[in-house]
Each structure stands twice: as C-alpha cells, then as structure tokens.
Amino acid sequence: MTETFLAARTVDEAVEAMAGGAQAIAGGTDLVVAARQGKAALPESLVAIHRLDDLRGISGVAGSIRLGALATHAEIAGHPIVRERYSALADACAIVGSEATRTHGTVGGNLMNGSPAMEIGGPLICFDASVTLRSANGTREVAVADLLVGPGETSARAGEL
C-alpha cells in the first residue's frame, strides 16, 4: 500500500523524492495493471511526474529526434517528424495496448519497466536511441540497447529518473 505520495513541481523535486526511495509515476498504466493482477504491490512511496513540462515534448534535434520521457505513445505515433523519419517507431506506438494505454502510457515508463512485450524497444534499439537518466548524483546517457537487460529489468540505478 502506498503511504507517501508527492506531485513533483520540478524535476529536482522528483529526483530528491526518488533519492529517498520514491518510485516515479506518470501514466501509471503498468503499475496499476501489475497491482490489479497481484503481480506487484503498489510502492510505499510514489512521486508523480506527470506535470513536469521539462519531461514533455517531441522535437527534431540536429538530424535526430528528442522524445521527452512523458511523451505518450499516441503523441509519438501521430507526430509528423516521427511518422516521416522513424516510421517503425510510429507504427510500434500505434499498436501499443488499448487507446487508453496509448493516450496515457509514456515512453519513459515503458522503457523503465523493461517489459519484454514492449513494442517500442526494438525500433528504439534499431535507431540507436539513448536515454538520459538523472539522479541526485547527476546525469548519464545510456543506449536503449544497454538499458534493457532482461525481462522487467533495466540497468537504471536506484533513484534514477
């Protein structure tokens, strides 16, 4: 059962809460499903990151694309740059779960959960994508291929957003 809940106002506030043991939540689609199915209890401490504008958006950057951690599958599937240059990623996002999951589920949550059923992992690896992980100790960049280490497992360290 969740005992502590914080709606972070800044990325720094979210990272601080995570340093104290909180688990980040945005769309919450995987978290809620796992709890309902009895696969995993809800974390004792949650930090909501869904209002952090710094983690939003999709933009073209120097011949590549930047997906904010809070970009939803629906936003990615419908984005003109993604559709034009990264059609495999757009197609993968278009078939994620139900419409509700595509509308609320985020690329950051999908990657950090490391689900073997993840539709977007393959295209991101093929496009040589990387993620920026942030913690109280700073930031580091990790290739998606190195982030996903096993079913439900990532190389993200405790406290990394």
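Let's start with Arg134, which is partly exposed at a relative accessible area of 29%. That label sits between two others: buried is under 20% relative accessible area and exposed is over 50%, using a 1.4 Å probe and protein chains only. Before going on, please keep in mind that this is a predicted model, where local features need pLDDT of at least 70, side-chain atom pairs count only at pLDDT 80 or more, and totals for chains, interfaces and linings use all residues. Residues are numbered from 1 along each chain as its sequence is written, and side-chain values use heavy atoms, with hydrogens and water left out.

So what does Arg134 meet in a salt bridge? Its partner is Asp12, at 2.0 Å from N to O. Arg134 belongs to strand β6 (residues 130-135) and Asp12 to helix α1 (residues 11-19), so the pair links distant parts of the chain, 122 residues apart. A word on those names: helices (H or I, at least four residues) and strands (E, at least two) are DSSP runs, numbered from the N terminus. Asp12 is also partly exposed, with a relative accessible area of 48%.

By salt bridge I mean a side-chain nitrogen of Lys or Arg within 4 Å of a carboxyl oxygen of Asp or Glu. Side chains of opposite charge can pair when their charged atoms come close.

One joins Glu160 and Arg140, with the closest N and O atoms 2.7 Å apart. Glu160 lies in the segment after β9 (153-154) and Arg140 in strand β7 (residues 138-143), so this pair ties together parts that are 20 residues apart in sequence. Buried or exposed, what is Glu160? Glu160 is buried, at 6% relative accessible area, while Arg140 is partly exposed at 22%.

The other is between Glu13 and Arg9, whose closest N and O atoms are 3.1 Å apart. Here Glu13 is buried at 18%, and Arg9 is exposed at 68%.

Glu13 brings us back to α1. Its buried residues are Val11, Glu13, Ala14, Val15, Ala17 and Met18. An α-helix has 3.6 residues a turn, so residues three or four places apart point the same way. Where do the buried residues of α1 pack? They pack against β1 (4-7), β2 (23-25), β3 (45-48) and β6; contact here means heavy atoms within 4.5 Å. Just after α1, Gly21 takes a positive phi of about 105°.

Now for the interior. A nonpolar core is a set of buried Ala, Val, Leu, Ile, Met, Phe, Trp, Tyr and Cys residues joined through side-chain atoms within 4.5 Å. The largest one has 21 residues, and those with the most contacts inside it are Ile76, Leu89, Leu111, Ile120 and Leu124. At least two residues of this core come from each of α3 (73-78), α5 (87-94), α7, β6 and α9 (144-147). Which element gives the most? That is α5, with four residues.

Take Ile120 as an example. Not counting residues up to four places away in sequence, Ile120 touches His73, Leu89, Ala92, Cys93, Val107, Asn110 and Leu111. Apart from this core lies another, of 13 residues, among them Ile49, Leu55, Leu70 and Leu161.

Asn110, one of the residues touched by Ile120, lies in helix α7 (residues 107-113). Asn110 is buried at 11% relative accessibility. Leaving aside neighbours within four places in sequence, Asn110 is in contact with Asp30, His73, Ser115, Met118 and Ile120.

Next, the aromatic rings. Rings of Phe, Tyr and Trp (its six-membered ring) pair if their centres lie within 6.5 Å; planes under 30 degrees apart count as stacked, over 60 as edge-to-face and the rest as tilted. The count comes to one aromatic pair. Tyr86 and Phe127 have ring centres 5.1 Å apart and planes at 85°, so they are edge-to-face. Tyr86 is buried at 12%, whereas Phe127 is partly exposed at 36%.

Last, the cysteines. With a disulfide taken as a pair of cysteine sulfur atoms within 2.5 Å, the count is zero. Cys93 is in no disulfide, and the nearest cysteine sulfur, that of Cys126, is 14 Å away. Cys93 is buried at 0% relative accessibility, and Cys126 is exposed at 67%.
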